[in-house]
Amino acid sequence: MTDAIALLVVVPIVLALAPIAFGRLWNRTGWLAAVVAALAHLGLALVVASQVAATGRFTYAVGDYAPPFGIELVADGVSATLALLVSVVTLAVVIYARRAGPDSNGFYSGLLLLTAGISGVFVTGDLFNLYVFIEITGLATYALVATGRSPDAALSSLKYLLVGTIGASLYLLGVGYLYISTGTLNMADLAATIPEVGYDSPLVLTGFGLIVVGLAVKAALFPLHTWQPDAYADSPDSVTAYISALVSTAAAYALFRIIYAVFTPAFDAAAPFALDALVILAAVSVVVGSVLAVLQSDLKRMLAYSSVAQFGLIVAGFAVANATAVTGGLIHLVGHAIMKAGLFVGVGALAGVAGGRTVDDFAGIADRAPVTSAAFAVLAFALVGVPPAVGFAGKWHIVLGAVEGGRWGVAVVAVVSTLLTLAYFARVVERMYFREAPIDASADADDSTVGDNGATDGTLASDGGSEPSSDDAAGISTEAKVVVVVAAVGAVVLGLFATDLVAVFEPVLEVYFE
Amino acid sequence: MSGAFSAAAATATILASEPSVSIPTADVPTAIPPAFVVLAVALVMPFLSRKLGHALGVLATGGVAVWSLLAPAGTYLSVTFLGFDAVLFNVDAFSKLMGVIFGFIGAAAVLYSYSSEARNRQTAFALGYVGTSIGTVFAGDWLTMVFFWELMAVTSTLLVWDYGGEAVRAGFRYAIYHGLGGSLLMVAVVWHYASVGSFLFSASDGIVVGIPAALAAVGIGVNVGFVGLHTWLPDTYPRPHVAASVFLSVYTTKTGVYGLARAFPDGNLAIAYMGAAMALVGVCYALLQDDMRRLLSYHIQSQVGYMVAGVGIGTALATAGAFAHVFNHILYKALLFMTAGVVIARAGEQRLKYLGGLGRALPVTALAFTVAALSISGFPGFNGFVSKGMITAAAHNEHLDGIFYILLAAGVGTFMSFIKFGYYAFLKESKGTWNLKRSVTGQRVAMLSVASLCVALGLYPDALFALLPGSTADAHPFTLGHLGEGFVLAALGVVGFAILKKPLSKVGPGVDVDAVIEPATFYGMRGLVRGVTGLFAVVDHIVVDLTTRSLRAAADPYGAVRGPLGALVGGDGENLRDGSLRASIATSVLLVLVVLGATLVGLL
């Protein structure tokens with residue numbers, strides 16, 4: 001058995017201490033520690049993935065205490081893929097943060113703690129252990145949101161802290177109910193013992209309800225999403241990119257595991273109301289989230305509401321409860337993380353050039369930052385679901401699964417959401433490419449700088465020595481450009497290889513839907 | 001001369017029964033569909049030199065012919081496209097035959113294009129057209145087939161448009177016809193999928209009977225030129241570049257015949273009668289034409305009528321005959337368009353009444369024309385005789401006397417119109433003497449290789465029989481009865497032409513249905529365009545209005561909500577400011593509790 005799966009959690013936690021311990025000696029300790037952690041995480045995730053590819057699902061007993069009493073870590077196709085996703089996103093955000101900040105050692109400690117928490121969520125096989133990791137994730141996120149300097153960030157962080165803690169507590173309460181009724185916390189063991197107690201036992205039903213509502217708060221489904229737009233909009237760009245890609249993803253993943261690994265499709269057959277309600281909640285979330293996104297003028301808030309809608313779609317895929325739709329949900333889970341992280345980095349980078357991040361500020365930005373704008377547009381259309389990007393693959397499977405399962409409502413909602421997604425992105429892309437830049441933006445600079453603005457996007461990269469001092473040099477860092485372009489290329493490439501992704505998820509789902 | 005032919009035929013009578021030739025097979029690369037190779041060449045063509053581009057074109061199409069010949073039956077490549085099983089290519093008796101002839105004639109036509117001064121762009125479009133046609137005939141399922149079918153319509157339209165001038169408007173009418181036909185076929189295929197649950201050819205025996213079959217018949221009917229749906233054919237084919245006409249005369253209609261055979265593997269009597277009608281109507285109009293390529297175009301309809309009749313009769317012999325005729329027809333019709341092209345290019349004239357005496361000026365072309373004319377007319381010893389005979393024999397065996405006699409009458413007409421063509425173009429004394437540049441080597445190689453194949457397959461049909469689908473067990477081309485039939489038809493043709501020569505030269509080109517259909521299309525399209533424009537204006541107004549309102553609402557959402565809400569609540573709504581819709585912390589917690597409460601109440 002490989003220890004790599006445990007090290008996925010341990011390495012970031014240990015390295016999280018480095019910036020605090022050595023930060024006073026050398027200013028860039030934090031960044032270095034984060035890079036080392038991200039690379040180590042990537043290596044470990046690759047080891048786990050290759051092990052899964054070679055032998056299939058494997059488990060690891062922490063401290064050699066045998067489950068169900070000891071804590072069990074589980075790696076299969078889904079968790080290995082998501083662990084890899086964590087590594088990639090961490091690496092990308094750390095690279096981006098080198099120039100974009102926040103440039104404090106505390107930030108990197110928080111980031112690594114968050115990495116550890118999320119990795120833990122993806123690999124654990126134990127309900128209480130899952131709670132611990134969710135709390136680590138939550139606490140680290142509250143701290144990271146508060147690293148924004150503005151008073152709004154503090155307020156958003158507080159709001160997130162209160163609402164998120166209630167969500168986590170509800171989850172813990174639900175786990176308690178299940179523990180009382182079954183006497184175990186291990187997921188595999190629970191799947192075996194819950195049927196003995198009976199799916200219609202009030203304890204089990206209450207436990208399910210509490211857990212699902214708790215996780216729905218964390219995944220930000222409407223109307224439990226209220227913390228999320230504030231938290232996304234008020235945090236620094238690097239933080240937004242990271243938490244939008246991974247935090248809600250962790251909650252949605254936990255929901256997937258609990259529905260299928262703990263309660264199993266047999267529960268759906270015994271208590272159909274449970275998943276029906278979840279489908280309705282998710283569908284409402286898709287429509288309302290998309291409509292609210294259309295109403296926003298601040299692009300970060302727009303992307304935040306877009307996440308509400310996309311997570312609605314993902315959870316709808318999980319709740320349709322057949323292999324095709326769940327596959328779609330998982331693909332969209334991975335795809336959304338890549339696309340949304342790229343989009344947030346893109347907004348952050350372009351906002352620096354545009355001087356603001358409302359839709360109108362972006363008018364004519366494509367001329368001033370052609371590469372980043374093109375990548376942003378590609379990501380936008382990928383999220384809309386234009387083939388061959390990964391957004392299409394996920395939505396397609398969800399729609400197909402919904403039709404297979406006779407849930408026509410979900411199929412219709414998915415198509416409507418595609419149109420609404422197109423509406424709010426088309427608005428931005430139209431401004432970027434077909435509007436003239438506002439006159440006053442260039443008028444207050446010297447009369448000769450109109451032409452210069454066009455060149456900054458391409459030329460700023462190379463000079464590492466002199467700090468950019470004047471205002472009009474506020475171009476886009478190479479790091480940001482690379483991250484956005486890689487995300488755009490990744491979204492398309494992942495879409496082309498979606499069939500392989502399906503093949504990776506297939507053995508996991510086969511067990512659940514045998 | 002006819003004595004020599006009958007002697008050769010008499011010895012061949014003994015041979016012709018079961019095919020004595022077997023086709024060699026070999027392991028061929030199957031990683032990519034053959035169509036993609038041709039399409040790839042079409043894509044790079046505009047960037048290459050003329051010589052290299054055309055050489056690659058000849059290699060690719062010739063390669064497809066060899067590949068098709070050697071590929072063992074049953075070779076296929078299946079892929080999954082969006083959850084549907086699709087078969088990108090599938091080699092069986094039908095597609096093998098089509099692949100061989102499409103590839104061979106493609107190579108000959110590209111060579112002819114090169115020596116007829118065709119530009120790279122035109123040949124690129126032509127290769128695109130060839131590639132999509134090959135894709136259509138190798139498709140193993142309806143989805144792939146319709147996909148390539150539509151692309152074939154697009155590429156052939158581009159090929160027509162490329163020439164400019166009059167070809168543009170004709171190409172436009174061509175596009176409308178094929179757009180409609182393709183859409184009907186697509187509806188038929190979707191309907192077929194809905195009732196069978198699979199696009200694969202192997203999943204069902206032909207297309208589902210009832211409305212899908214009717215839609216498919218009409219949709220494919222546009223491509224093969226059903227009477228009434230055929231006007232695009234003489235309208236389009238005479239107009240583009242002479243080399244483009246060679247391509248056009250081969251692929252669209254024959255792909256249609258192939259599609260018809262896929263859709264109706266057991267035949268259909270109505271289709272058989274339609275085929276006979278096409279054979280007769282086409283030849284009658286052909287007799288009246290003066291423009292060479294227009295005459296040949298009507299003959300396409302007439303000859304395709306034989307094939308459609310063969311597919312419609314549906315017995316093993318009829319199917320074999322139909323596909324033998326596809327093969328032979330492609331050879332001699334492409335050859336006829338090549339010779340007509342040489343005449344037009346050299347004499348600068350495409351109307352027969354201004355030509356004459358070209359036999360001496362263009363001897364090789366005249367020889368090739370003679371072979372092609374004897375082949376299409378079905379003179380014993382040439383390939384058309386064999387395949388036509390198989391179809392008429394099949395009609396006779398099934399006691400479909402109506403079809404049998406109509407096809408014989410059409411045969412007489414074919415003799416007459418080609419005697420007319422040959423007489424006016426090559427034999428008749430002309431007023432002046434032609435001082436022409438002769439055909440160039442490339443054109444000669446292309447024409448003579450096709451012509452020799454016409455003769456070879458006419459004398460030794462077993463080589464073709466080995467390739468055919470259906471059964472050739474009942475095919476006895478060289479019995480005395482059949483030979484007599486051929487000679488009698490030829491004699492009737494000569495006599496008929498001698499009698500009708502004077503009146504024919506007085507009659508104009510005749511009034512085809514296009515006299516009605518073209519204005520109808522024109523005014524119909526104009527009405528449609530005006531209606532659509534009007535409707536669009538209305539819709540546009542509504543949409544713009546709605547968009548303006550929603551954009552205004554989106555730009556100032558709170559302002560948009562304020563009015564109605566103020567009216568609802570009764571206040572002036574002034575306290576509803578930017579941001580006040582955001583939930584406070586307390587509201588958020590309340591919402592969590594409400595959802596939790598509702599969930600638990602529901603669950604318990």
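The model as a whole scores ipTM 0.73 and pTM 0.58. In chain B the mean pLDDT is 80, with 86% of the residues reaching 70 or more. Among the elements of this chain, the highest mean pLDDT, 90, belongs to helix 5 of chain B (residues 120-138), whereas the lowest, 39, belongs to helix 1 of chain B (residues 2-15). The pLDDT is below 50 over residues 1-19 of chain B, a stretch that has 28 contacts in the model beyond near neighbours in sequence. A further stretch of chain B, residues 570-574, also stays under 50 in pLDDT, and for these residues the model has 5 contacts beyond four places in sequence. Where pLDDT is low, the predicted coordinates should not be read in detail.

Chain A contains 22 helices and 2 strands, and 60% of its 514 residues count as buried. Of the contacts in chain A with a separation of 6 or more, 79% are accounted for by residues 24 or more positions apart. Chain B, with 604 residues, of which 51% are buried, contains 23 helices and 2 strands. When contacts in chain B between residues at least 6 apart in sequence are considered, 81% join residues at least 24 apart.

Helix 2 of chain A, which runs over residues 29-55, illustrates how the length of a helix can be checked against its residue count: at 1.5 Å a residue, its 27 residues should span 39 Å, and the C-alpha atoms at its ends are 38 Å apart, which agrees. Several of its residues are buried, among them A:Gly30, A:Ala33, A:Ala37, A:His41, A:Leu44, A:Val48 and A:Val52. The buried residues of this helix pack against four other elements of chain A, namely helix 1 (4-22), strand 2 (72-75), helix 3 (77-100) and helix 4 (105-123). After helix 2 of chain A comes A:Gly56, which has a positive phi near 85°.

Strand 2 of chain A, one of the elements against which the buried residues of helix 2 pack, is paired with strand 1 of chain A (residues 58-61) in the antiparallel sense, over 4 bridges. Within this pairing, A:Tyr60 has A:Leu73 of strand 2 as its bridge partner. From strand 2 of chain A, A:Glu72 and A:Val74 point one way, while A:Leu73 and A:Ala75 point the other way, and all are buried.

The loop between helix 8 (202-219) and helix 9 (227-234) of chain A holds A:Pro223, and the peptide bond from A:Phe222 to A:Pro223 is cis, with omega near 0°. The loop between helix 8 and helix 9 of chain A also holds A:Ala220, which, although not a glycine, has a positive phi of about 65°. A:Ala220 counts as buried because it has 29 C-beta neighbours inside 10 Å, where the cut-off for a buried residue is 20 or more. A positive phi, near 60°, is likewise found at A:Thr264, a residue other than glycine, and this residue is located in helix 11 of chain A (residues 264-270). With 20 other C-beta atoms within 10 Å, A:Thr264 is buried.

The buried residues include A:Thr372, A:Ser373, A:Phe376, A:Leu379, A:Phe381 and A:Val384. Just after this helix, A:Gly385 takes a positive phi of about 110°.

The contact between the chains takes 25 residues from chain A and 19 residues from chain B. On the side of chain B that touches chain A, at least two residues are supplied by each of helix 21 (514-555) and helix 23 (585-603) of chain B. Helix 23 of chain B gives the most to this side, with 12 residues. By class, the side of chain B that touches chain A has 14 nonpolar and 5 polar residues, and no charged residues.

Conventions
Residues numbered from 1 in each chain as written. Chains lettered and ligands numbered in written order. Predicted model: local features only at pLDDT ≥ 70, side-chain atom pairs only at ≥ 80, totals over all residues. Contact = placed C-beta atoms within 7 Å. Nonpolar A, V, L, I, M, F, W, Y, C, P; charged D, E, K, R; others polar. pLDDT = per-residue confidence, 0-100. Expected span 1.5 Å × (residues − 1). Buried ≥ 20, exposed ≤ 12 C-beta atoms within 10 Å, placed from the backbone. Pairing = 2+ DSSP bridges.
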